[in-house]
Amino acid sequence: MAAPEEPCGGRAGGEPGRDAAGLSGARGRQRRRRRRDRAAAAMFRCGEEIVSGENEEESNGVNLMEFSDEILLHILSYVPCTDLVLNVRRTCRKLATLCLDKSLTHTVTLQKDYKVNKDKVKQLMRDIGKEIYQLNMAGCYWLPSSTIDHVTRCKNLVKLNLSGCHVTSLRLSKMLSTLQHLRSLAIDVNPGFDASQLSSECKATLSRVLELKQTLYTPSYGVVPCCTSLEKLLLYFEILDRSREGFMLSGQLMVGESNVPHYQNLRVFYARLAPGYVNQEVVRLYLAVLSDRTPENLHAFLISAPGSFAETGATKNLLDSMARNVRLDALQLPKAWINGSGLLQHLKFNNPFYFSFSRCTLSGGHLIQRVINGGKDLKSLTSLNLSGCVHCLAPESLFRKAEDDIDSSILESLVVSCCNLRHLNLSAAHHHSSESIGNHLCQLLSRLKHLLSLALPVCSITDVAANVEKPPTASNLVPQTFGRKVRIGIQTYPRNLADQANQKIESSVFWALMGSLRFLETLEIIGSSFSSAMPRNEPAIRNSLPPCVRAQSVGDSEVAAISQLTYLQSLTLAQLPNILTGSGLINIGLQCQHLRTLSLANLGMMGKMVYMSALMDMLKHCKCLRDLRLEQPYFCAGAQFFQALSHCSSLQRLCIVSRSGTLQSDAVMSFMANCLEVIMCHMFMGESLTVCKNLQQSIVRSFQADRPALNVVIFPLLHEDLTEVIRDVPMRHLDEITLFKSRVAEEPPNLWW
């Protein structure tokens, strides 16, 4: 297993711990002890402290300074670079040398280093600017625009990521004019961007850039016309159809700015569109350039577009040209471009590693024949997204109901041909297994031993034989609607793995699947009918579709099976109707100690959060949890919940979405005061606008000074102005946690940084 991105627990530069030998009272010794303890704090790993040996003090017989340089460098690689340079290297001579080792200063990542501020960036660039070759400041939305000026000290910079940072045209021009070695750039293009303000030196730098990532918040070509040597172009379209003043925006651009010949070196083209007509209009202008003259070296062509994105004459010409002239390694197209056409039959592939046919009506027969050529060896394929492909596991899409049983032979052919899959998404569809022994979807997927992330619909994990024999439970008999509920007797479930073994739930196909995928890091189990109440660019959804009939029996025992995933880091559970006590969550909290991201939505009865007690017990064990998202009607965010959540010492981001939900302002304030790492608090509840605004202002007023990255949004879920509030949320938070979506195989692995 690869090492995690960074350890849980303390960080260098934090509050000094208490010295085990006691305090002497002498100021000099106190200062030395504080410096030593700050170095020790940098070495924390999920609460386990390795004590620095500046004065040869030992803990449990281990002296940190006796470790080899290689081991120390590996440990230090987990410490944020700002802490290394500004704090740890000042503790002793040996660490002073190691902290400036090229292996630690070559690549500097400030992304998600929420404690960094303008002064720290300035000092960091002053101390090691010339040693930095790759700088990642993605998502540092809290840093003022003037911070970018200090990047000019990094004269040798080759790769720079400023996505989510505030950068004006003039500042960008000044900075790029000094970065003559730059080859990779990521920026945002905001309203007011003016390419005419870019200097000739800046354009000279851009002409040498090989990789460009642009996030467009306004109709523009950005810096693309200046990048005449591009090999990789990533475009994220986040343009709204209306301005803040309510005026309709136009997606028309000047065709003469597109620089047609400059795409000829392009190898990777990726475009991801947010909902909206203007986004579609602008991306068509980019595609028109490619359709005029398709790059011969193109090997990855990916367009992710929600909803309907109609094909035009220009796009047809582009696809025809691609079918004739290129061999692809990665492909993703809007569903309208694939549905009903023979496109896949003509495209040529060369050792493909990523396919996405999300929401297409592609049948299983076409998938086998046209994509893997009737069982062709596709060992190179590592990521496959079939989310929303309701017919992908059936021979034909005509005259078939979405709820019909799958054809296990199609899935078996897929598993055999693509045996090295690491990321697989089968969510947002009904994949019902037949009663044939050995042909259940879970049994076939258990052959994919290399899986790292998996997304499945709830109805696909049902044990067919057990489901036939099991009578309807009480929760199945209760209508899944909102409002007052009839009190029913709740079936008791065991709260530990030993009792569950006695119930023999290990014999279920889903339990066996979880046991076979020991190294799975990301798991999503989402109801095929689930839709989040949190909107993108539209009013909050008020009605929810009922869960699939096959999913009615999925509940606590299936959740308990997930606890076998020792290395699980991200878990999403949505629309599991038979959650009665939530006891399985406790087992996950106990066994999955690497869990960092947890998203729970619409579990159990819709009118009552029956798993609250189990959730609070679970949270007490989640010491590494960073992100928590809860979406549940009638959720009460009270003192008991926040007291349990306070045990999650690593928590950084919290999002609660609840129709008719309530909150206790005092409990929220107490939680924010106790959990010093929390920098994002989003709550969309049923409280009044006055209550929400007062609480939001109190949090900002009390904690903003000490937490520069603090982002707080507390707002009524069904308020008519919610979409206006959403547009001000930093894209990093909005895309990663606030909006609910399936993230497995959403993009090709290692697409950018």
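Contact here means heavy atoms within 4.5 Å. Helices (H or I, at least four residues) and strands (E, at least two) are DSSP runs, numbered from the N terminus. The model is a predicted one: local features need pLDDT of at least 70, side-chain atom pairs count only at pLDDT 80 or more, and totals for chains, interfaces and linings use all residues. Residues are numbered from 1 along each chain as its sequence is written, and side-chain values use heavy atoms, with hydrogens and water left out.

The protein contains 27 helices and 22 strands. Of its 753 residues, 54% are buried (under 20% relative accessible area; exposed is over 50% and partly exposed in between, with a 1.4 Å probe and protein chains only). Contacts between residues at least 6 apart in sequence were also examined; 77% of these join residues at least 24 apart.

Helix H24 spans residues 665–674, and Ala-667, Val-668, Phe-671 and Met-672 are buried in it. Seen down the axis, these residues fall within an arc of 135°, so they line one face of H24. The arc is that of the directions from the helix axis to the C-beta atoms. An α-helix has 3.6 residues a turn, so residues three or four places apart point the same way. Asp-666 and Asn-674 are exposed, on the face of H24 turned away from the buried side. The buried residues pack against two helices, H23 (639–645) and H25 (689–703), and two strands, S19 (653–657) and S21 (680–685).

The angle is about 20°, and the axes are 11 Å apart. Axes are lines fitted to C-alpha atoms, for helices over the stretch in contact, and angles run from 0 to 180 degrees between N-to-C directions. H24 and H25 are therefore roughly parallel (angles under 35 degrees; over 145 is roughly antiparallel, 65 to 115 roughly perpendicular and the rest oblique). H24 contributes Ser-665, Val-668, Met-669, Met-672 and Ala-673 to the contact, and H25 contributes Val-691, Leu-695, Ser-698, Ile-699, Ser-702 and Phe-703. By class, this contact has 8 nonpolar, 3 polar and no charged residues. Ala, Val, Leu, Ile, Met, Phe, Trp, Tyr, Cys and Pro count as nonpolar, Asp, Glu, Lys and Arg as charged, and the others, Gly among them, as polar.

On the H21 side the contact is made by Ser-583, Leu-585, Ile-586, Ile-588 and Gly-589, and on the H22 side by Ala-614, Leu-615, Asp-617 and Met-618. The classes are 6 nonpolar, 2 polar and 1 charged.

Leu-600 lies in strand S16 (residues 597–601) and is buried, at 0% relative accessibility. Beyond four places in sequence, its contacts are Leu-573, Leu-585, Tyr-611, Leu-615, Arg-629, Leu-630 and Glu-631. From Leu-600 to Ile-656 the C-alpha distance is 9.8 Å, across 56 residues of sequence.

In helix H2 (residues 69–76), the buried residues are Leu-72, Leu-73, Ile-75 and Leu-76. Their arc around the axis is only 160°, which puts them on the same side of H2. Their cover includes helices H3 (81–86), H4 (93–98) and H5 (102–105). Phe-67 sits in the loop between helix H1 (27–41) and H2. Phe-67 is partly exposed, at 26% relative accessibility. Setting aside neighbours within four places in sequence, Phe-67 contacts Val-62, Leu-72, Ile-75 and Lys-94.

Thr-382 occupies the loop between helix H13 (364–371) and strand S11 (383–385). Thr-382 is buried, with a relative accessible area of 17%. Not counting residues up to four places away, Thr-382 touches Phe-353, Asn-420, Leu-421, Arg-422, His-423 and Pro-749.

Asn-351 has a phi of about 50° and lies in strand S10 (residues 348–356). Asn-351 is exposed, at 57%. Tyr-634 has a phi of about 60° and lies in the loop between strands S17 (627–631) and S18 (636–637). Tyr-634 is partly exposed, at 33% relative accessibility.
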